[in-house]
Amino acid sequence: MEIRMMTDEQRRAIALEYFRRMDRGENILDLFDDNAEIYFPKWGIARGKPEIERMLGDLIGILASVSHDIAHANFIQQGDRVVVEGLSSGKLKNGAEWHAGTTFGGRWCDVFEIRDFKIQRCHVYLDPDYAGADTARYPWLVADRATRY
């Protein structure tokens, strides 16, 4: 099977489409290769589209909405890799909201490998405690919380 060559701009466009679809609540599964893997904190690694679909379903089960601030995101590209660092805001289905810069949640970094016009690998790095509910275990979060976001 022949792998189609891609430009950096084409890889970046696929990564951007991933975030745009997530923000609109649209399906992102067709952006992934059949044998792709995705890592999400506290979920683990999903391998192949059936597991990725299950992981996305679990995530959608807690999120009411999400918005990625792509206009101010940082992009680093090298070969097949696209690294995107940015901020998000959103709301959980339980009503809790987050907004990077004013709450604990919302800072993230995604590392993509994109080949043949499909995401082969996506590892998401963020704190999945969007609402800041798990703060009692971290003594540095008790004092002076307002200046730590």
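Colleague: What makes the space of about 170 Å³ a cavity?

Modeller: A cavity is a set of points on a 1 Å grid over the protein atoms alone where a 1.4 Å probe fits but cannot get out. The largest cavity holds about 170 Å³, a volume being the space filled by probe spheres set on the points, which are joined across faces, edges and corners. The structure has 1 cavity of 30 Å³ or more. This is a predicted model, where local features need pLDDT of at least 70 and side-chain atom pairs 80 or more, while totals for chains, interfaces and linings use all residues. Residues are numbered from 1 along each chain as its sequence is written, and side-chain values use heavy atoms, without hydrogens and water.

Colleague: How do you know which residues line the largest cavity?

Modeller: Lining residues have an atom within 4 Å of a point. For the largest cavity there are 18, with Met22, Phe40, His68, Leu126 and Tyr130 nearest its centre.

Colleague: And how many of the lining residues are called nonpolar?

Modeller: Ala, Val, Leu, Ile, Met, Phe, Trp, Tyr, Cys and Pro count as nonpolar, Asp, Glu, Lys and Arg as charged, and the others, Gly among them, as polar. The lining therefore divides into 15 nonpolar, 2 polar and 1 charged.

Colleague: Why are β1 and β8 called paired?

Modeller: Strands are DSSP runs of E, at least two residues, numbered from the N terminus. Two pair if DSSP finds at least two bridges between them. β1 (residues 32-40) and β8 (residues 118-126) share 4 parallel bridges, so they qualify. Ile38 stands opposite Cys122 in β8.

Terms used:
On a 1 Å grid over the protein atoms alone, a cavity is a set of points where a 1.4 Å probe fits but cannot get out, and a pocket is an open set with protein on both sides within 12 Å along at least five of seven lines; lining residues have an atom within 4 Å of a point.
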